Amino acid sequence: MKKYRLILLGPPGAGKGTVAKKIAEKYQIPQISTGDIFREAAKSGSELGSRVKRIMESGELVPDDLTISLVKERLGKKDTERGFILDGFPRTIIQADSLSEITSIDAVINFNIPREEIIRRLSGRRICSQCGAIYHVTDFPPKVEGICDICGGKLYQRDDDKIESIEKRLNVYEKQTLPLIEYYRTKGILYDIDSSVNPDYSMEQIGKILS
Ligand code: AP5
């Protein structure tokens with residue numbers, strides 16, 4: 001049976017989370033989002049959770065050792081046997097080197113999008129507090145303002161979607177994550193997509209890559 005061990009690489013707001021949910025449904029493999037794992041930890045109110053919350057709000061990256069150990073544990077679960085979608089991991093060369101010791105990767109999908117569009121998307125993003133569905137106030141609005149179409153949960157704006165955090169996250173991406181494009185290109189497993197159009201177009205391009 002074909003395996004889909006995928007990495008979604010790209011700047012904040014490129015559409016990784018939106019598309020990861022669609023791939024997970026279509027190919028029946030789990031989405032592993034380090035951002036979601038950290039947001040859950042931040043909600044717990046533990047000492048570690050509070051530390052993670054402060055780091056995320058500042059737009060910096062959570063330390064590599066903690067991030068790697070969480071992903072390693074998650075990839076050890078049975079539901080990853082047919083594959084997985086790593087959404088937001090790896091983000092540094094150290095994370096990528098560690099990942100290569102844990103598992104093989106079949107494809108790295110690199111999301112391309114202009115900076116102005118990123119800022120527009122992130123400042124309009126809203127997320128369901130219960131099921132995590134992703135909306136946009138103008139592009140993908142819910143039927144009833146502030147309420148999730150799927151589960152009726154309340155929508156919220158992420159603390160790091162304020163303009164100062166967005167700028168910081170983009171700078172961190174350029175400095176620490178961008179080098180991963182060449183890292184995976186030289187391994188021959190990097191595939192570029194244009195993610196500036198709409199999620200269906202992103203899925204169409206990914207479908208061709210995976211077939
Ligand atoms: P994380 O949650 O991973 O955030 P991110 O990488 O900054 O990505 P986003 O979730 O902001 O964007 P996305 O590409 O998923 O876009 P989305 O689909 O939502 O990380 C948050 C923080 O956690 C980090 O800053 C760091 O502190 C920490 N962290 C996480 N991983 C880490 C790691 N590996 N190491 C260390 N620290 C880590 O879409 C955005 C908006 O656009 C939505 O409103 C959506 O509706 C809309 N949209 C989506 N696609 C389209 C489209 N094609 N056309 C039009 N609109 C679209």
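Is Glu-174 buried, partly exposed or exposed, and at what relative accessibility? In this predicted model, Glu-174 has a relative accessibility of 42% and therefore counts as partly exposed. The side chain of Glu-174 meets that of Arg-115 in a salt bridge, with 3.0 Å from N to O. Because Arg-115 belongs to helix 6 and Glu-174 to helix 7, this pair ties together parts of the chain that lie 59 residues apart in sequence. Arg-115 also forms a salt bridge with Glu-167, at an N to O distance of 3.2 Å, and here too distant parts of the chain are linked, Arg-115 standing in helix 6 and Glu-167 in helix 7, 52 residues apart. Arg-115 counts as partly exposed, at 29% relative accessibility, and Glu-167 is likewise partly exposed, with a relative accessible area of 33%.

Helix 7 itself, residues 163-177, comprises 15 residues and spans 20 Å from its first C-alpha to its last, which is close to the 21 Å expected at 1.5 Å a residue. The buried residues of this helix are Ser-165, Ile-166, Arg-169, Leu-170, Val-172, Tyr-173 and Thr-177. These residues cover an arc of only 165° around the axis, and they therefore lie on the same side of helix 7. In an α-helix there are 3.6 residues a turn, so residues three or four places apart point the same way. Glu-164 and Lys-175, by contrast, are exposed on the other side of helix 7. The elements that cover the buried residues of helix 7 include strand 1 (4-9), helix 3 (47-58), helix 6, strand 5 and helix 8 (179-186).

Helix 6 (residues 115-124), which is among the elements covering helix 7, also lies across strand 5 and strand 6, and it runs at about 40° to strand 5. These two strands belong to an open sheet of 3 strands, arranged in the order 6-5-7 with antiparallel pairing. Strand 5 (residues 125-128) pairs with strand 7 in the antiparallel sense over 2 bridges, and Ile-127 stands opposite Tyr-156 of strand 7.

Across the whole structure, a search finds 21 salt bridges. Side chains of opposite charge can pair when their charged atoms come close. A network of salt bridges links Arg-125, Arg-158, Asp-160, Asp-161 and Arg-169, and Arg-169 is also one of the buried residues of helix 7. In a further salt bridge, between Asp-79 and Arg-74, the closest N and O atoms are 2.8 Å apart. Of these two residues, Arg-74 is buried, with a relative accessible area of 18%, whereas Asp-79 counts as partly exposed at 40% relative accessibility.

Gln-28, a residue other than glycine, has a positive phi, near 55°.

Technical notes
Residues numbered from 1 in each chain as written. Predicted model: local features only at pLDDT ≥ 70, side-chain atom pairs only at ≥ 80, totals over all residues. Heavy atoms only, no water. Pairing = 2+ DSSP bridges. Helix = DSSP H or I, 4+ residues; strand = E, 2+ residues; numbered from the N terminus. Contact = heavy atoms within 4.5 Å. Axes fitted to C-alpha atoms, helices over the stretch in contact; angles between N-to-C directions. Expected span 1.5 Å × (residues − 1). Buried < 20%, exposed > 50% of the residue type's maximum accessible area, 1.4 Å probe, protein only. Arc of directions from axis to C-beta. Salt bridge = Lys/Arg side-chain N within 4 Å of Asp/Glu carboxyl O.
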